[in-house]
Amino acid sequence: PMRRGIKFDFDSGINTPKDIKRALFEAQSPEESECGSPKKKKQDPRRLLSTSAPASISGNNLLGNFEESVLNGRLEPASTVEGFTAEIGASGSFHPKHLTFPVTVFFYTLCENSNVATPYLSHINLGKKGYRVPDKGTIQLTLFNPLGTVVKMFVVMYDLSDMPPNSQTFLRQRTLYMPSDESDSHEDAQKWLRYLIHLRLASSKSGKIYLHTDVRMIIFRKSDLDTAADHESGKGFELRSFTRGPTNPKFSLRK
């Protein structure tokens with residue numbers, strides 16, 4: 001799948017926290033660079049976690065690679081936390097019942113400096129049934145921490161009314177804290193990333209559409225840095241969301 005000449009490099013074979021841990025701890029070389037940078041593999045490069053091109057974006061090194069590396073289980077987490085939950089709902093031609101799922105959270109350390117907050121990956125296992133959604137509408141997911149406090153509410157608008165039966169695709173929404181006069185194609189866009197949600201969708205033989213397998217989210221906790229950056233730069237910064245998916249092709253045959 002392509003987006004503006006950049007491959008998403010997403011590994012659809014990693015479906016559960018167990019798979020993520022296996023990718024992190026069993027498929028890597030003992031050699032690694034410091035501060036949580038992606039580890040080099042001993043194995044044949046043709047058998048990497050993803051068969052698409054490397055996830056390099058605008059030469060931003062770790063920040064550019066972090067999104068893909070974490071989603072593919074290529075960075076070793078500093079810790080794993082249970083107790084988070086997420087409520088998923090949708091609206092459109094019908095309103096499926098809201099469901100609550102347990103969430104496994106993997107914390108990471110960038111350690112570029114001591115002031116950078118710890119980012120984390122949140123993983124939801126949707127099970128075999130998945131979660132049915134309308135072919136067009138809005139998906140809402142609310143992430144709660146172990147105390148029951150809302151961490152983030154994701155609202156993703158979509159239109160898959162042209163999705164053929166027995167096919168699959170995905171949607172990835174990235175929320176950036178960015179200058180109001182810039183776009184998400186800016187060279188610093190990776191540094192502005194604050195929230196990300198990756199949704200996998202599939203259609204049945206009868207054409208019904210489901211969220212399937214899992215949902216993955218990346219959370220950066222940088223509110224203090226955002227306040228400081230906004231004050232120092234003198235520019236107007238704001239949170240803006242961008243939803244993208246594959247376009248070449250938009251859908252692929254479901255395996």
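1. Aspartate 214 and arginine 216 join their side chains in a salt bridge, 3.0 Å from N to O; the term means a side-chain nitrogen of Lys or Arg within 4 Å of a carboxyl oxygen of Asp or Glu. Aspartate 214 is buried, as its relative accessible area is 0%, and arginine 216 is buried at 0% too. Cut-offs here: buried is under 20% relative accessible area, exposed over 50%, partly exposed in between (1.4 Å probe, protein chains only).

2. A word on the source: this is a predicted model, where local features need pLDDT of at least 70, side-chain atom pairs count only at pLDDT 80 or more, and totals for chains, interfaces and linings use all residues. Residues are numbered from 1 along each chain as its sequence is written, and side-chain values use heavy atoms, leaving out hydrogens and water.

3. The whole structure has nine salt bridges. One of them ties arginine 172 to glutamate 68, with the closest N and O atoms 2.8 Å apart. That pair spans 104 residues, from strand β8 (residues 167-179) to helix α2 (residues 61-71); helices (H or I, at least four residues) and strands (E, at least two) are DSSP runs, numbered from the N terminus.

4. Now β10 (residues 209-219): 10 of its 11 residues are buried. Strand β5 (residues 120-133) pairs with β10 in the antiparallel sense over 10 bridges, and pairing takes at least two DSSP bridges. Isoleucine 124 sits opposite valine 215 of β10.
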